[in-house]
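Please look over the structure below before reading on. This briefing covers the chain as a whole and then a sheet within it.

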Amino acid sequence: MAGDINGDGVGDMAITAYLDDKDGLSNNGAIYLLNGPVYGEVSLSEQANATLWGESDDDYAGRSISSAGDVDGDGMDDLIIGVSLADDEAGAAYLFAGAIAGDASLQDADARLAGEFASDRAGGSVSGAGDVNGDGTDDVLVGAYNADPEGASSGRAYLLYGALNGSVSLASSDVRWSGITTGDRLGYAVSGVGDVDGDGNDDVLISAYGEDSGGSGAGQAYLFYGPVNGDLSAASSDVVYSGTGADEQAGKTLARAGDINGDGLSDFLIGMPNQDDGVGGAYLVFGLGD
């Protein structure tokens, strides 16, 4: 789901086709938006209310996409799209403010969030973060799993607060998290998870599937309670969830789950795709309270 892009009170859909060839380009990828409600068989080329496409050949736009919530405070949900191969694989994330209609290139985005260095692959994961700092507007997360702040592919994740416009370097993010050591790949998955601890601020979950504390490649996921600011290490998280065996890749997928048990706190999911020799597993974590 893309949230309520057009502000009519009904949820909308975003469907991606990352190998699509649009605007005379090759494999630049496309994202099709459909205003809800949606019924029956739909031709994306004929019935999409908006189509967005990558800027360049082989961008594969659409591999990473999320509702951003209402970043600009206009009452309509916004959309964030990650393109990790943009700009010599420095990567970028594109923010489109609702309402979104018609056909456009990602270069027409309301904000372009650019990776810091070549090969960082920023935008490999993106997510709405909810309102982490309690200012009344929603925030966004961007992962750059191939960044090198603490060794090759230690990884980085970024949190940006509130309204965003124009060209923005991720170096100027309100929060930058760094992986702990070489090969952690922090930021391969990022997710806003709602208010897990019940303090009124939304919280965020960031994973490093290559982390080795539970065995080589066991992986970890890190929960940070909002608000947060500044440059931080994954080691400073409020809670750590660790894989327990080699190559389990804990945290390679993450998701907000809503309030599953009805206790008024947000819950979340941590995926472990390589657990039990590739059988895989997913773990539901209930909100923690104070």
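Two strands are said to pair if DSSP finds at least two bridges between them. Helices (H or I, at least four residues) and strands (E, at least two) are DSSP runs, numbered from the N terminus. This is a predicted model, in which local features need pLDDT of at least 70, side-chain atom pairs count only at pLDDT 80 or more, and totals for chains, interfaces and linings use all residues. Residues are numbered from 1 along each chain as its sequence is written, and side-chain values use heavy atoms, with hydrogens and water left out.

**The sheet**

- Strands β19, β20 and β21 form an open sheet in the order β19-β20-β21, with antiparallel pairing.
- Its edge strands, β19 (253-258) and β21 (281-285), each pair on one side only.
- β19 and β20 (residues 267-272) run antiparallel and are joined by five bridges.
- R256 stands opposite F268 in β20.
- Strands of a sheet pair through backbone hydrogen bonds, either parallel or antiparallel.

**The whole chain**

- The chain contains three helices and 21 strands.
- Its radius of gyration (taken over C-alpha atoms) is 18 Å, close to the 19 Å that the globule rule (2.2 Å times the number of residues to the power 0.38) gives for 290 residues, so the chain is as compact as a globular protein of that length.
- Along the principal axes, the C-alpha atoms fill a box of roughly 50 × 40 × 40 Å.

**Burial**

- Of the 290 residues, 53% count as buried, meaning under 20% relative accessible area with a 1.4 Å probe, protein chains only.

How values were computed: Buried means under 20% relative accessible area, exposed over 50%, partly exposed in between (1.4 Å probe, protein chains only).
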